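Subject: Structure handover

Hello,

Here is the structure for you to look through. My notes follow below it.

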Amino acid sequence: MDKHYDPSDIEKKWFPHWENSGAFKGGRRPDAQPYCIVIPPPNVTGSLHVGHALNNTLQDVLCRFERLRGKDVLWQPGVDHAGIATQMVVERQLAAEGLDRRDMGREAFLERVWKWKEESGGTIENQLKRLGSSADWSRSRFTMDEGLSKAVVKVFVQYHREGLIYRDKRLVNWDPKFRTAISDLEVEQREVDGNFWHLAYPVDGSDERIIVATTRPETMLGDTAVAVHPEDDRYRHLVGKMVRLPLTDRLIPIIADEHADPEQGSGAVKITPAHDFNDFEVGKRNDLEMINIFDQHAAINENAPEKYRGMSREEARKAVVADLDALGVLVKIEPKRIMMPYGDRSGVVIEPWLTDQWYVDAKTLAGPAIEAVRSGKTKFVPGNWEKTYYQWMENIQPWCISRQLWWGHQIPAWYGPDGTVYVAESEEEAQAQAGEGVALTRDEDVLDTWFSSALWPFSTLGWPEDTPDVKRFYPTATLVTAFDIIFFWVARMMMSGLHFMNEVPFKDVYITSLVRDEKGDKMSKSKGNVIDPLDFINKYGADALRFTMASLETQGRDIKLSESRVEGYRNFGTKLWNAARFCEMNGIGGSRDLTPPPATLSVNRWIIGEIGKAAELVTKSLEAFRFDAAANAIYHFTWGTFCDWYLELIKPTLMGKDGAEKDETRAVAGWVLDQILVLLHPFMPFITEELWHALYEGDRDDLIEARWPVVRADAVDAEADAELTWIVDLISATRSARSEANIPAGAKVSVLVQETREERLLWLARNGDLILRLGRLASITPTEYLPNKGAVQFVMDGASFAIPLEGVIDLGEERARLDKAIAKTEKEINALSGRLSNEKFVANAPDEVVAEARNRLEQERDQLEKLKAAKARLG
RNA sequence: GGGCGCGUAGCUCAGGGGUAGAGCACUGUGUUCACACCGCAGGGGUCGCAGGUUCAAAUCCUGCCGCGCCCA
């Protein structure tokens with residue numbers, strides 16, 4: 001083995017090896033229990049960010065864990081076609097060449113997009129591979145694949161047949177930049193500085209004016225009513241009268257509608273049904289005219305007075321406000337923080353716009369999806385996300401699925417000359433429906449990308465074909481995703497999965513934390529605090545990044561990622577590397593057995609129990625999605641137990657003469673190291689695979705396909721455990737005493753111990769060499785009487801110890817040291833005896849708690865006595 | 001306004017009725033041969049505040065204060 005641990009060499013070596021060996025392939029263990037995770041498909045335009053790194057680390061940990069446990073694991077990868085984002089990218093490229101998609105035509109444009117996809121679409125997959133993701137890359141799917149497209153068409157047609165997809169004219173969120181409708185979820189509400197413009201509209205045939213306040217004065221050109229609250233006495237006499245709408249020649253009615261809030265502004269409100277969601281409802285209730293004053297660019301159209309036509313929203317606002325002011329209609333401008341809708345991709349203000357679009361009847365589909373979570377068929381982890389899910393599902397709105405784009409699944413609907421719509425899986429079928437000779441035109445629009453993503457857990461497995469994979473891997477086991485797409489994606493997969501497969505798409509939904517920067521700020525390009533996970537991989541290795549992600553992943557708290565953590569876990573890799581190198585130098589190699597080798601030495605029996613405890617902790621933690629606890633358990637065992645104690649404890653044996661004890665120790669050490677490698681493999685796959693082979697003589701199967709440890713906490717040998725605990729405590733106490741007494745590290749000192757208990761004396765005799773070595777001692781000798789002065793003294797486990805250092809020690813310091821220990825012990829005694837003298841405690845507390853307290857009190861009293869005696873000896 | 005969550009060591013966070021923990025940082029020290037990306041030893045906390053339940057509260061309950069997120 002190399003003296004230095006270099007992650008990059010190892011990573012380059014093992015990933016292709018695994019991939020070529022077929023280790024990632026699903027379906028290779030036909031007799032085993034299937035375990036399937038579908039990847040949350042990243043955008044084809046995407047590149048790896050820390051959210052992906054976290055999410056995919058966790059998925060890979062689970063997949064590798066279950067693979068090691070013998071399951072037939074399929075991690076299904078792929079990417080989605082990201083309709084708007086991709087079209088943007090390609091249009092930008094075209095613009096740089098002076099081209100416009102509308103000039104080149106749909107077909108040529110789509111060719112261009114596919115070409116872009118072939119060249120640049122693989123970026124994110126390659127980055128996920130750098131992370132070590134053990135997905136079955138040979139099956140990677142794309143939402144625009146032929147098969148997945150077929151699934152989309154089938155779903156659309158069937159939903160339509162069942163009345164769950166319909167075409168409707170209503171207000172949509174219109175993105176004037178991309179000139180497409182978007183769904184509610186793609187709209188961000190942002191609070192911005194705005195105004196309330198107070199306008200005094202003249203009441204027709206009267207001198208009265210009625211004041212309305214609006215945040216969007218330009219929309220007054222489309223007003224078709226003024227509403228007041230039916231109970232509002234101030235306006236009761238005006239209801240039914242008409243207002244002469246300034247700047248236009250129109251007369252609009254004053255109506256009574258509960259939408260008008262008497263507390264808000266003047267209590268009267270202008271109604272623009274074609275440009276506001278609330279007003280739209282008012283308009284429907286009151287049968288108002290709907291005047292659309294904007295075109296698809298959100299510029300004023302021909303329904304407004306000629307003067308304003310062609311103006312943008314912003315220009316129109318200025319002109320309208322100026323004109324109203326000139327007319328004396330504008331009575332007040334009141335600055336106000338207001339909520340404005342923005343497109344999440346375009347960043348422009350969204351316009352509520354009246355158009356024909358396709359909708360999914362989400363309300364109907366939500367019923368079974370809610371029930372599936374209520375009944376526990378699908379569980380959210382952590383469970384509190386279920387509330388979020390219910391809340392949204394119970395208030396779900398129709399889902400607008402049509403987009404005025406070219407890149408995506410074109411809607412399988414054809415229109416006859418009279419506007420009749422024919423929905424069918426192919427043009428031939430549509431023609432058959434329409435009858436021969438009827439000229440058909442296909443709907444130009446495409447579907448929301450999420451419409452195809454909603455089918456991901458079964459479309460990627462081959463549906464609508466009746467494939468063996470669908471049978472075997474659906475429903476999938478676990479979905480790992482972030483909370484921000486519970487609505488976008490999880491809910492919609494639940495709906496379509498239940499509808500088409502009659503079964504939930506996944507049993508557990510693990511909601512990951514959100515990764516923030518080390519100050520706790522959300523990462524964003526504009527803030528410039530984005531951490532590129534590839535930088536960390538390059539600097540510290542993928543294993544270190546993965547381990548960091550896992551160990552920071554706690555349930556219900558955001559992750560603050562800092563470089564020092566990644567560095568620390570790289571150091572952990574180095575530590576393991578060096579420990580393995582030490583093993584190699586001492587003839588310790590990989591084991592051929594799953595079960596522990598026979599062990600007679602206490603230290604070996606002890607470490608077998610310790611790894612058993614660690615294995616149980618890691619296993620249970622992973623089963624409960626406690627990634628932090630699992631990572632910490634293996635970290636602590638490896639560093640704190642195996643390296644710090646076990647390897648030190650076996651050094652004398654390894655350095656000693658050959659024989660049965662040495663053979664046994666080598667076998668146990670090799671076996672334990674193997675267990676570490678397996679337990680750590682899900683978190684640090686590269687270094688563990690490297691060491692797995694480096695330590696083994698001859699060829700062995702890859703670690704990725706090894707078996708998860710079978711030892712558990714019941715491997716603990718109580719006697720060995722007691723003995724080693726004693727040894728460890730004794731060495732620690734010795735080190736403390738000499739450090740506190742400033743005994744130079746290089747000085748070998750002698751220790752006297754006042755000990756009569758047979759078992760301890762036996763332990764001492766048996767482990768003397770170890771204790772001398774690790775405590776830097778010249779000797780340790782049982783004695784009846786401890787020296788009267790000039791010794792550093794300590795008490796441990798009911799025995800008194802002394803390090804005679806005549807003339808060297810500082811008596812004052814030594815007394816202070818013992819006083820400190822005495823004070824600490826007395827404090828314990830007070831607390832314990834206080835509790836035990838409380839009758840209610842003795843009566844009510846569980847027996848073992850009381851017994852424990854009594855036991856401890858006795859020990860503390862014994863300790864106190866010995867400490868006092870030690871102090872007395874100092875004189 | 002509705003919902004969710006978080007305040008524990010300097011920092012980042014576990015724990016979740018019965019002895020307050022980890023990593024990093026910090027202080028001291030460095031002994032022979034795995035490792036200074038290291039070893040050994042050590043300091044550091046009225047567990048946000050106030051009530052309540054209990055023999056016992058950091059932990060459960062209520063209220064308050066502070067911070068964050070989601071939805072309207």
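Of the atoms of RNA strand B within 4 Å of the protein, what share belongs to sugar or phosphate? The figure is 64%, and the rest belong to bases.

Some ground rules. This is a predicted model, where local features need pLDDT of at least 70, side-chain atom pairs count only at pLDDT 80 or more, and totals for chains, interfaces and linings use all residues. Residues are numbered from 1 along each chain as its sequence is written, chains are lettered from A and ligands numbered from 1 in the order in which they are written, and side-chain values use heavy atoms, with hydrogens and water left out.

Now the RNA surface. A residue is near the strand if one of its heavy atoms lies within 4 Å of it. RNA strand B has 43 residues around it. The closest are R557, R581, W639, R776 and P846. By type, 20 are charged (Asp, Glu, Lys and Arg), 12 polar and 11 nonpolar. Nonpolar means Ala, Val, Leu, Ile, Met, Phe, Trp, Tyr, Cys and Pro; the others, Gly among them, are polar.

Next, polar contacts (pairs of N or O atoms within 3.5 Å). K387 has a polar side-chain atom 2.6 Å from a phosphate oxygen of RNA strand B. For S736, the distance to a phosphate oxygen is 2.9 Å. Q391 lies 3.4 Å from a sugar or linking oxygen, again by a polar side-chain atom.

Best wishes

Key. A polar contact is a pair of N or O atoms within 3.5 Å; within protein, one must be able to donate a hydrogen and the other to accept it, and residues adjacent in sequence count only if both atoms are side-chain atoms.
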